Amino acid sequence: MTVSEAAQFTPAKPVPERALIWLGAITTGVVVTNLFAPQVLVGLIGRSLGMSASQTGMISTLTLFGYALGMLLLMPLVDLMENKRLILRTLSCAIIAALGTALAPTPALLLLATFVLGISCAAIQMTVPLIASMIPPARRGQAIGEVVSGLMFGILLSRPLASLVADAWNWRAFYFLTAILMTVLLGALARYLPTQRPQARTTYGALLLSFPILLREEPVLRVRSWTAALAMASFSAFWAAVALRLPDAPFKLDARGIAIFALIGVAGAAAASLAGRWGDRGWTRLLLIGAHLLIIVSLALCAWGAMLDSRTTALLMLTLGAIGIDFGITTDQTLGRRAINLLRPEARGRINGLFVALFFLGGTIGSAAASFAWSYSGWLAVCAVGALFGVLGLITDVATRTGTS
């Protein structure tokens, strides 16, 4: 941490660096489950509230749209307001919105609550740069990797966890559970997070207008956001379509089997800590090339496995492919976050907001591409589209060294 960065902080309760990193990882992992769980709960929610097909489809869409809006409208406040207070207030809104979702008696109130919940999940990205800025640059990649590993665990666990909770109780129980967990975390963050005074001396409107300026002036942000969006597109294409493929031969998995398969992908989150540590040692470019190659090879394995007659061998190939895809995206995202968090301290909130907004835009494009590919030519087309995104990332790695130091 530089002298200017250190001057911004006022400790709350003394807390070891490792404990603070763990707190950040757990917080991001818990909060992010609210964004992806609706993808497997929409059917249950729609039936229980008598929602139309169009209303049911809006549940997940509004949650993710709210999150993207939070990235663009709330994240600039990180560079304007005292960070701890902002995180606590945003997380409090997420708790209220989760309870509102769990208790919603009508479709309109449920859609409103999920939209607000999506916006409030911006607390995730407020926490990551705050913790990253407290770690010396020489160890910042490792710290970001460990926090991101919590985030990736949350993303990968959200769907099977939501399925298991809904199967044991009902869909409302999932939102009650996340509200309780976020309340516990709110207390821990209030006790242990330091206060951080932003360096920017400007207005909120000026911060919003600075987004295109930051993209123009920061090539590292442009390139790392581009490859992160491509990796997320591959990831989303695979996971958006795999649940459609698994019930058919040779896999023949039921709903519980699909939920268990989704748990396998959690192994990929382990890549975050390693990628951050190795990035600090100067291996970023090699790791990025390896990550995008791994995505391409993994999708080839997934395509091959689906053509085999042996159920056991096919599941093994698909499992290895799923883990490889998750390793690839986690490595790319961790190294991307490391690179952008070494940029301007006074614009850290906006830079992280832009990175994540573009990252999720890539996910949206990947899901849409998978839907089109599935309807046009089935699973092989989905794998080909996902691999194409990986190829574009690999071309970027070869063509530029931007953001690889």
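Predicted model: local features only at pLDDT ≥ 70, side-chain atom pairs only at ≥ 80, totals over all residues.
Q: What makes Phe251 and Leu253 contacts of Leu315?
A: A contact requires heavy atoms within 4.5 Å, and Leu315 touches both Phe251 and Leu253, with residues up to four places away in sequence not counted. Leu315 and Pro250 are 65 residues apart along the chain, and their C-alpha atoms are separated by 8.3 Å.

Q: What is the peptide bond from Ala249 to Pro250 called, and where is Pro250 found?
A: That bond is cis, with omega near 5 degrees, and Pro250 is found in the loop between α12 (219–245) and α13 (255–264).

Q: Why is Lys252 called exposed?
A: Lys252, which is found in the loop between α12 and α13, has a relative accessible area of 59%, and exposed means over 50%, so the term applies to Lys252. Lys252 also has a positive phi of about 55 degrees although it is not a glycine.

Q: Why is Leu208 called partly exposed?
A: Leu208, whose place is in helix α10 (residues 204–209), has a relative accessible area of 27%; buried would need a value under 20% and exposed a value over 50%, so Leu208 belongs in between. Leu208 touches Leu72, Leu73 and Pro76, not counting residues up to four places away in sequence, while the C-alpha atoms of Leu208 and Leu74, 134 residues apart along the chain, are separated by 9.8 Å.

Q: How do you know that Arg350 counts as buried?
A: Arg350 is found in helix α17 (residues 348–377), and its relative accessibility is 8%, which is under the 20% that the term requires, so Arg350 counts as buried. Not counting residues up to four places away in sequence, Arg350 touches Met75, Pro76, Asp79, Leu207, Ser210, Phe211 and Leu214.

Q: What makes helix α7 (residues 123–133) largely enclosed by the rest of the structure?
A: 11 of the 11 residues of α7 are buried, so the helix is largely enclosed; among these buried residues are Ile124, Gln125, Met126 and Pro129.

Q: Which residues have the most contacts inside the largest nonpolar core?
A: The largest nonpolar core has 114 residues, and those with the most contacts inside it are Leu41, Ile45, Phe238, Phe261, Leu318 and Trp379. The contacts of Phe261 include Phe238, Trp239, Val242 and Leu318, not counting residues up to four places away in sequence. As general background, nonpolar side chains tend to be buried together in soluble globular proteins.

Q: How do you know that the radius of gyration of the protein chain agrees with that of a compact globule?
A: With 405 residues, a compact globule would have a radius of gyration near 22 Å, and the protein chain has 20 Å, so the value agrees with the rule. The C-alpha atoms fill a box of roughly 65 × 55 × 35 Å along the principal axes, and the protein chain contains 18 helices and two strands.

Q: How many of the residues of the protein chain count as buried?
A: Of the 405 residues, 57% count as buried, and the accessible surface of the protein chain comes to about 15800 Å², of which 71% belongs to carbon and sulfur atoms.

Terms used. Residues numbered from 1 in each chain as written. Heavy atoms only, no water. Helix = DSSP H or I, 4+ residues; strand = E, 2+ residues; numbered from the N terminus. Buried < 20%, exposed > 50% of the residue type's maximum accessible area, 1.4 Å probe, protein only. Core = buried A, V, L, I, M, F, W, Y, C linked by side-chain atoms within 4.5 Å. Rg over C-alpha atoms; globule rule 2.2 N^0.38 Å. Areas by Shrake-Rupley, 256 points an atom, 1.4 Å probe, with all protein chains shown as cover.
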